[in-house]
Amino acid sequence: MADERRIITGTHIIPKEGNTMEEAVGTKWILDTHVGKTLGGKSTVTDVNKDQWHDDWTSMDHPSLTPTTTITLSPTVQSVYQLDDDTSTVKFFYMKNKGVSASITISLDSGGDWDSYSTTDASDEEWQLTTAEWQAASSNWQTYSDDTTTDFWENTTRLWEGPGFAKSAIIPPGGALYMRSGGSGGTSFTINQVHVYLGEYPTNGTSAVDIEYVIAK
Amino acid sequence: MAYQITYKNHITPQEYITENSRWYLDSDCGRKLTGSAIVTVSSRTYVSSLAVTNTPSASLTSSQDFIYIKNTGGGSADDVLVSLDGGTTYYIVLSEGESLATKIATTASVKVKCDTGNDSTVEHLKGT
């Protein structure tokens, strides 16, 4: 059992501008002359708990352990993945997109109830339906009119409000994202609020993506 | 002219064992973690210093694809809070020296602020 935990972080940015040459030899990329330097920052996150919420606080097992955990988002299975249903408050979050062609979109939104979707609220988002059957079902619900008073599905204006992905971070193939949360005056989020969307929302990704993550309370 | 932003985020989880009085690579992870990506944009804007107070900033982004923000620690060098949704929620906190680099949805609206009575400065780079 660890007696303390910490996470050392770093970000490195190389802004570049493309210069066109006399001959068509391809773009020459040089350091962006407007910025004039590389950018980045480092930190040590010390407020993560030594006792984590579950062994699944990382998607990895130590290389000496087997089997290795792999989390795959597949377009044939689901397009929205909830990391876990634990309700612990997140102090640190890291995720990498290990895919080669599809991006992923991250939402920290808890989502709403089945009937909380508002068609007039631009911030509300309809649950994304991925299969042809479900896409068609949306219109089926609207056209259902077997009974005027008692049928549960009859209210056609109510659609499931899924987690919001519209104003989110995107992780391209090979890329990673980390963030620290829980600052004074900020907004906390819980582990069960973390959702991953396969693709750049609202466009579904068409190839499977493996992800790795660290989510610490 | 085209522009590229290459960004890399990496982390090293560590655990401390009191009996040995030292930090080790966290045995739940077993390795350092890193990811790198390139965002190609047609325009970019770099601001070397923006004062941040408890009053939320104007949105730093409008139809942007990428944002980098670093708390450069001016003023009292307090923590900076970052919102991707126009100030509704501030999920991300940056202490002095810390930075955020991420591709974002073009509908994202990035704002920064500090807690009541606090202040700092940030540098930021955005591209679209």
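This briefing describes strands, pairings and contacts in chains A and B. The model is predicted. Chain B has 10 strands and zero helices, and 58 of its residues are in contact with 61 residues of chain A. In chain A, β4, β11, β6 and β9 belong to an open sheet, while β7 pairs with β8 and with β10.

**Chain B as a whole**

- Read from the N terminus, the elements of chain B run β-β-β-β-β-β-β-β-β-β, and there are zero helices among them.
- The C-alpha trace of chain B spans about 50 × 40 × 25 Å along its principal axes.
- Chain B has 128 residues, and 48% of them count as buried.
- Taking the contacts in chain B between residues at least 6 apart in sequence, 79% join residues at least 24 apart.

**Where chain B touches chain A**

- On the two sides of this contact stand 58 residues of chain B and 61 residues of chain A.
- On the chain B side, the elements that give two or more residues are β1 (3-17), β3 (33-41), β4 (44-52), β5 (66-71), β7 (92-94) and β8 (99-104) of chain B.
- β1(B) supplies the largest share of that side, with 15 residues.
- By residue type, the side of chain B that touches chain A divides into 26 nonpolar, 20 polar and 12 charged residues.
- A strand pairing also links the chains: β8 of chain A (residues 169-171) and β8(B) run antiparallel and are joined by two bridges.
- Within this pairing, Ile170(A) has Lys103(B) in β8(B) as its bridge partner.

**The open sheet in chain A**

- Four strands of chain A make up an open sheet in the order β4-β11-β6-β9, with antiparallel pairing.
- β4 (71-73) and β9 (176-180) of chain A each have a single partner strand, so one side of each is left without a neighbour in the sheet.
- Neighbouring strands of the sheet are turned by 25 degrees against each other on average, direction ignored.
- β4(A) pairs with β11 of chain A (residues 209-216) over three bridges, in the antiparallel sense.
- Thr72(A) has Asp210(A) in β11(A) as its bridge partner.

- β7(A) and β8(A) run antiparallel and are joined by three bridges.
- In that pair, Thr105(A) stands opposite Ile170(A); Ile170(A) is also the bridge partner of Lys103(B) in the other chain.
- β7(A) pairs with β10(A) as well, over four bridges and in the antiparallel sense.
- Here Ser107(A) stands opposite His195(A) in β10(A).

**Asn204 of chain A**

- Asn204(A) lies in the loop between β10 (195-198) and β11 of chain A.
- Asn204(A) counts as partly exposed because it has 15 C-beta neighbours inside 10 Å, and a residue is buried only with 20 or more and exposed with 12 or fewer.
- Asn204(A) and Ser103(A) are 101 residues apart along the chain, and their C-alpha atoms are separated by 9.3 Å.

Methods
Residues are numbered from 1 along each chain as its sequence is written. Chains are lettered from A and ligands numbered from 1 in the order in which they are written. This is a predicted model: local features need pLDDT of at least 70, side-chain atom pairs count only at pLDDT 80 or more; totals for chains, interfaces and linings use all residues. Two strands pair if DSSP finds at least two bridges between them. Axes are lines fitted to C-alpha atoms, for helices over the stretch in contact, and angles run from 0 to 180 degrees between N-to-C directions. Two residues are in contact if their C-beta atoms, placed from the backbone, lie within 7 Å. Ala, Val, Leu, Ile, Met, Phe, Trp, Tyr, Cys and Pro count as nonpolar, Asp, Glu, Lys and Arg as charged, and the others, Gly among them, as polar.
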